[in-house]
Amino acid sequence: MEDTVTPNNEQPNPEIQPNKRRRKKSIVWEHFTVETVSAGCTRACCKQCKKSFAYITGSKLAGTSHLKRHIALGICPVSRRNQEKNQLMPYTPASQDGFTGISTDATKRRYRGTPIYANIPFDQHRCNQEIAKMIIMHDYPLHIVEHSGFINFVHTLQPQFNVASFNSIQGDCVALYLREKQNLSNTLNGIPGRVSLTLDMWTSDENLGYVFLTGHFIDNDWKLHRRILNVVMVSSPESDDAYGQAVVACLADWSLESRLFTITLDQSFSSETMMGNLRGVVSVKNPLMFDGQLLIRNCFARILCSLAQDALGAMADTVKKIRDSVKYVKTSDAHEEKFLELKHQLQVPSTKTLFLNDYTKWDSTYHMLADACELKEVFTCLDTFDPDYKEAPSPEDWRQVETLCTFLKLFYDAGIIFTGKTYPTANTFYHEVWKVQLELTEAAKSHDPFISNLTKPLQDKFDRYWKETSLILAVAVVMDPRFKMKLVEFSFSKIYGAEAEMWIKIVDEGIRELFVDYVTQQPLLSIQPYVDEGSEVISQSYLEEGNDVIPKTEMTDGALLSDSDRLSDFDVYISEISGGQDMRSELDQYLDESLMPRSQDFDVLDWWKLNKLKYPTLSRMASDLLSTPITTVGPDNVFDTVSRKIDRYRSSLRPVTLEALICSKDWLQYPAEPDMLVQPIVKMEF
């Protein structure tokens, strides 16, 4: 494109050139400078080879086409040598301003035909891998590679690119899945503890079941992980062995048959027969599961959803009045303007904005009601300000909705902890669960008939959940050095009153029984393994023989004392004085020590990481307990009111392809450990 000299095609005046000319926009001025040779004669000089070219002579403008050819066609020898060097350098992705780092001026524009991009080598294999990753990460259909719009777009970017077929891109996606699966398998094989599973059942319009099996575990660096391990299709989701089949397949696939700790599932798809079958499947090779007692049959998120829906259903008519009032305001610009004008006149300080709820998310209904309650003064006066507004909620309606919101907030606060990017450790669950149990128990005894009638059914339902899960949750919170048994004693006294001692004893016996199971798994149990550095003390290791514990005394440097050391009498002396001492276990030592200060930045996993040498057996037990999950749903589905479904497109895919797409999307969120990475494998052909 030639540079325009002046508007309306007027001839340039040499006496005022080039100051009165418009700013030069051509790309060539990144490579050329303008130099005035003499009056009326201006030439363009190449910044690299310093060769000059005609530009303006008198009133004649030479244009810029010959300058572009000098750079783009490699005529400039310096530019040609630089391009040859760039071909040997690896590709560097463009920065946010659109440049690759060769240009240092961040304000310069990108232009078509920039020569630095023309020399990037084309890599068909890498492009195929990136398309596969794009499809997985963003849930695009595999058929996108056959869409004409996508094909035209790609060919516009790179005419050399051969767009993959449906079968080919399917193979690329499965190959990526297998590579990521091997990385995860290497991680699982290296963890010191066990894996807990959650089972979530999805269905399709064809009445097929898809069991999502998610593993929860703590790695060697004491980091908690949550990964979808398998998506197993079952032909009859309502059958009693549906979950059992999925669990067996998952454990075999990841070699976890003897490394399972707990299983959490959703009661909506579990019957007593199914629970019995599941206990039989997992308890044979997993003695730590208390013969199947560590099966958590209710998802906490689903319980909260059920409670919220029951509460909303009990006040359906009143909730509808509030929603209709919100709908009246939000569905008309004129109505909303009048509402905001009245709010301004009444000087209502609330900054809340009205919105209509989404019936598929119960938390949106809670927020709609809570926001409307803050603006109830405006709604109360709206009928006098806007004659079209009818059936305003009564003061009693508002009072009841405000009471309802206090309990919905209780459920919401308990569920919101599961929506973060990282899954919480199990010690945090007890705080939420016992708080809900206590609040509902007290509310059910209220002298206000409205409150007691509203909460009594909720309390009955949640009480069943509390009785089934309080043991495992209490044992998990004992592993928090800020609380230990003290929080259990405190909370049980408030919940059970005079019967608290009995329930506290059950927790104490349960945690000791579990600790003994961990002790018996290792042939050599160190009773006092931790000593301060620099102290010359004797550690005693204990071997179990039947019901007896036999001490074997040895020096801290490993030198065994024997009769040949002429210190046999000393051995007898040590044995005598040790016999009267209280040889406490790791658990007793841990429980007897003072509580850690409570602070917001306290990390329970970091604490156990620092104290694993002091409590080698108890730390393994803590690792398994703290990774125990109580929800089966993902962060995006915590507040769902509808059952999870696989759409028609995904249910039409091969089971292996569906599993590959879902699992690898989950895994790609997390960077793989450098020492766990594996080389790419040959892709699967379909």
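**Salt bridges, a cavity and nonpolar cores**

Biologist: By class, which residues make up the lining of the second largest cavity?

Modeller: The lining has five nonpolar, two charged and no polar residues, where Ala, Val, Leu, Ile, Met, Phe, Trp, Tyr, Cys and Pro count as nonpolar, Asp, Glu, Lys and Arg as charged, and the others, Gly among them, as polar. A cavity here is a set of points on a 1 Å grid over the protein atoms alone where a 1.4 Å probe fits but cannot get out, and a lining residue has an atom within 4 Å of a point. Please keep in mind that this is a predicted model, in which local features need pLDDT of at least 70 and side-chain atom pairs count only at pLDDT 80 or more, while totals for chains, interfaces and linings use all residues. Residues are numbered from 1 along each chain as its sequence is written, and side-chain values use heavy atoms, with hydrogens and water left out.

Biologist: Okay, and which residues line that second largest cavity?

Modeller: Its lining consists of Ile135, Ile136, Asp139, Tyr140, Tyr649, Arg650 and Leu661. Two elements, H4 and helix H23 (648-651), each give two or more residues to this lining; helices (H or I, at least four residues) and strands (E, at least two) are DSSP runs, numbered from the N terminus.

Biologist: What else does Asp139 do, for instance with Lys665?

Modeller: Asp139 forms a salt bridge with Lys665, and their closest N and O atoms are 2.6 Å apart; the term means a side-chain nitrogen of Lys or Arg within 4 Å of a carboxyl oxygen of Asp or Glu. Lys665 lies in helix H24 (residues 655-667), whereas Asp139 sits in the loop between helix H4 (124-138) and helix H5 (148-157), so the pair ties together parts that are 526 residues apart in sequence.

Biologist: Are Asp266 and Arg644 buried or exposed?

Modeller: Both Asp266 and Arg644 are buried, a word used for under 20% relative accessible area, with exposed meaning over 50% and partly exposed in between (1.4 Å probe, protein chains only). Lys665, by contrast, counts as partly exposed at 31% relative accessibility, and Asp139 is partly exposed at 39%.

Biologist: Changing topic, how many residues has the largest nonpolar core?

Modeller: That core has 105 residues, and those with the most contacts inside it are Leu369, Phe379, Phe411, Met479 and Trp608. A nonpolar core is a set of buried Ala, Val, Leu, Ile, Met, Phe, Trp, Tyr and Cys residues joined through side-chain atoms within 4.5 Å. Helix H16 (residues 449-478) gives the most to this core, with 14 residues. Apart from it there is another core, of 41 residues, including Val174, Leu188, Ile191 and Leu295.

Biologist: And what does Trp608 touch?

Modeller: Leaving out residues up to four places away in sequence, Trp608 touches Trp222, Met479, Pro481, Tyr590, Tyr615, Leu618, Ser619, Ala622 and Leu626, where contact means heavy atoms within 4.5 Å.

Key:
On a 1 Å grid over the protein atoms alone, a cavity is a set of points where a 1.4 Å probe fits but cannot get out, and a pocket is an open set with protein on both sides within 12 Å along at least five of seven lines; lining residues have an atom within 4 Å of a point.
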